[in-house]
Amino acid sequence: MDRGRDDARRRIRAVGTALALIAGIAVPIAHATGAGAAPLQQLNVTVRSGVTALAAPVVGVAATPTGKGYWRAGADGGVLTAGDAHYYGSAAHVAHDTIVAIAATTSGRGYWLTDRRGAVFNFGDAAFHGSMAGRPLNLPIVGMAATPDGKGYWLVASDGGIFAFHAPFYGSTGAIKLNQPISGMAAAPAGGGYTMVAADGGLFRFGAASPFYGSAVNACPGAPAVGVAMSRGAKGYWITFADARTYAFSPSSSAPKCNPSSATKTDQMAADLFARLNAERAARHLAPLIWDPTLANYAASWSANMAGNGFRHSSIGSLLGPYNYVGENIASGSGGTPVGALHNAWMHSDGHRSNILAPGFTRVGVGAYCTADGSVYLTEDFGHPTSSGAPQTSSTTPPVDPVARPDSGSLHC
């Protein structure tokens, strides 16, 4: 017998009553019916930002002329800077409807904000060229972009309808059936066109569009894409999400992925379990699971709920709708129990192992919670997005061996 595997089993037995498990469950459902502009392409877009604790969600992004930074606007009118972007004021203390977008001036020494009714607020050297304030709208404004010469701007509604102020019209998504509503736009740095982004991270280009380096479709489920930004000083563009996460797209950038945070001990536990899940799947030539913030938030909340209200499964069926196939593993351990030991207990339990290795699951979120006495509660929630079609299911229970990660590790509360 493999000594490492035998030792792992002995450690599981050693925790004995410290370990509590409930058989994993899976719930399927039937598939649901300018002037003076600097030369272009000076550098590749590189500046990125991670998830940020916010007073209000991010709603838009605008790039600096150099391509070395950007501004992000919050729904409350606040402005966040990154790279070489400078702060010129905000609408946080100005009467407005919900702010939805930001656009920068050609000089980079100012910017405009707009709200969902189309009112425009200018800061720094940004000049006012008009707005939709007080005029009827079929759908709310969601995005804004400035012309490369700085003498005008466009506002875009959620259906892709365009409102131009001293700016030419290059087209809209009015005749296109959208999977997700439009959420932002950016002007082509060389002029002659613009690009719109939808809430799912998809891009729509009109006029003299810039080169395409990929989109953020399915890159970060759980946080909608809210803006796209381009710069005359850079090759590529940024797409930003409501949680402030911002991805760079250029010839040198890699495809964006959502990964668990490692900011806290419980985050590190969740990240470790996520890695263990995919190690098990890789050992069996199964596709890796994608980290899903929606499922992760649900799992973290449920782990905390169990700590206060007792060990039991959540109402996992409440996740059906966005997902057409869902499953859940839960576990708890007394003080000092490593999360790796709980993973291996799951792997030696048919129901839990079936969830971990189910070919129909494509996404997962993991949540950990530590109590005052050092006990740990864990939840893994699995899902298959309804938008991905029908899941591949199997009635066969996968064998235990080989367990790719038989070690218990050292992570514990």
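The disulfide count for this predicted model comes to one, where a disulfide is defined as a pair of cysteine sulfur atoms within 2.5 Å. The bond joins Cys370 to Cys413, with an S to S distance of 2.0 Å. The link of Cys370 and Cys413 is left-handed, with -85 degrees about the S-S bond. Cys370 lies in strand β19 and Cys413 in the segment after β20, so the pair ties together parts that are 43 residues apart in sequence. Cys370 has a relative accessible area of 25% and is partly exposed; buried means under 20% relative accessible area, exposed over 50%, and partly exposed in between, with a 1.4 Å probe and protein chains only.

Before I continue, a word on conventions. Residues are numbered from 1 along each chain as its sequence is written, and side-chain values use heavy atoms, with hydrogens and water left out. Because this is a predicted model, local features need pLDDT of at least 70 and side-chain atom pairs count only at pLDDT 80 or more, while totals for chains, interfaces and linings use all residues.

Let us turn to the protein as a whole. Its secondary structure comes to five helices and 20 strands; these are DSSP runs numbered from the N terminus, helices being H or I of at least four residues and strands E of at least two. Of the 413 residues, 52% are buried. The protein exposes about 17100 Å², and carbon and sulfur atoms supply 53% of that area, by the Shrake-Rupley method with a 1.4 Å probe, where for residues only the protein chains shown count as cover.

I now come to helix α2, residues 265–283. At 1.5 Å a residue, its 19 residues should span 27 Å, and its end C-alpha atoms are 27 Å apart, which agrees; the expected span is 1.5 Å times one less than the number of residues. Among the buried residues of α2 are Met269, Leu273, Phe274 and Leu277. Against what do the buried residues of α2 pack? They pack against β17, α4, α5, β19 and β20, contact meaning heavy atoms within 4.5 Å. Strand β19 is also the strand that holds Cys370. After α2 comes His285, whose phi is positive, near 60 degrees.

Next, two sheets. Strands pair if DSSP finds at least two bridges between them. Strand β6, residues 110–115, pairs with β7 over five bridges in the antiparallel sense, and Thr114 stands opposite Val120 in β7.

The bridge partner of Met144 in β9 is Leu155.

Finally, I would draw attention to Asp76. Where is Asp76 found? Asp76 is in the loop between β3 (69–74) and β4 (79–83). With 33% relative accessibility, Asp76 counts as partly exposed. Not counting residues up to four places away in sequence, Asp76 touches Ala55, Ala56, Ala91, Ala92, His96 and Ile99. The C-alpha atoms of Asp76 and Ile99 are separated by 6.2 Å, although these residues are 23 apart along the chain.
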